[in-house]
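Here are my notes on this model, written as numbered points. Please keep the structure open while you read.

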Amino acid sequence: MKTPDWMKELSTKVCLENNHLPAKITCRRRRDTYSGGTYCQGGTIKLNVGRSKKDSKVVLLHELAHYFMDSLMEGHTERFWRKCWELYQKYEVDLRYARWREKTYRAGAEKVYRSMHDAMPHKVK
């Protein structure tokens, strides 16, 4: 499937604003609503895209947070989750949805969310 224009534009903007070369985004359609992603070396992010733009945006930013880490081996560390939540906030993700989505995925996401919650200008419960 062709990568949606909004996704290419957002990815380029996020990369440049975070002092990185733009990643190449490739997409494959999924049958269900939810998206999934895999980050690959060489500046390419491969996404399995569902029907929900809101979900695809969370997955794209999640994978970009991986792209911004110093090492591909870093995984889902606290530093990674801090970057993830910073991206979600800066690029206007529905934080309640992201919290639900990431909480079901990794407990570390919830830990960092809670630690950053008081610093967020528009608090989410």
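1. The face turned away from the buried side carries the exposed residues Glu9 and Leu16. Exposed means over 50% relative accessible area, buried means under 20%, and partly exposed lies in between (1.4 Å probe, protein chains only). Helices (H or I, at least four residues) and strands (E, at least two) are DSSP runs, numbered from the N terminus.

2. A word on the source. This is a predicted model: local features need pLDDT of at least 70, side-chain atom pairs count only at pLDDT 80 or more, and totals for chains, interfaces and linings use all residues. Residues are numbered from 1 along each chain as its sequence is written, and side-chain values use heavy atoms, with hydrogens and water left out.

3. Now the other side of helix 1. Met7, Leu10, Ser11, Val14 and Cys15 are buried there.

4. What do the buried residues of helix 1 pack against? Their partners are strand 1 (24-29), strand 3 (44-49), helix 2 (53-68) and helix 3 (78-90). Contact here means heavy atoms within 4.5 Å.

5. Check the length of helix 1. It runs over residues 5-17, and its 13 residues should span 18 Å at 1.5 Å a residue. The expected span is 1.5 Å times one less than the number of residues. The end C-alpha atoms are 18 Å apart, which agrees.

6. Asn19 follows it, with a positive phi near 60°. Asn19 lies in the loop between helix 1 and strand 1. At 73% relative accessibility, Asn19 counts as exposed. Glu92 also deserves a look: its phi is positive, about 55°, although it is not a glycine. Glu92 is found in the loop between helix 3 and helix 4. Its relative accessibility is 69%, so Glu92 counts as exposed.

7. Turn to the aromatic rings. A search of the whole structure finds four aromatic pairs. Rings of Phe, Tyr and Trp (its six-membered ring) pair if their centres lie within 6.5 Å; planes under 30 degrees apart count as stacked, over 60 as edge-to-face and the rest as tilted. One of the pairs is Tyr67 with Phe68: the centres are 5.9 Å apart and the planes are at 45°, so this pair is tilted. Tyr67 is buried at 13% relative accessibility. Phe68 is buried at 7%.

8. Tyr97 and Trp100 form another tilted pair, 5.7 Å centre to centre with 40° between the planes. Why are these two about one helical turn apart? They are three residues apart in helix 4 (residues 95-103). Is each buried or exposed? Tyr97 is buried at 15% relative accessibility, whereas Trp100 is partly exposed at 44%.

9. Do not expect disulfides. The count comes to zero, taking a disulfide as a pair of cysteine sulfur atoms within 2.5 Å. Cys15 is buried at 0% relative accessibility. Cys27 is buried at 8%.

10. Finally, the whole chain. It has five helices and three strands. Along the sequence they follow the pattern α-β-β-β-α-α-α-α. Buried residues make up 46% of the 125 residues.
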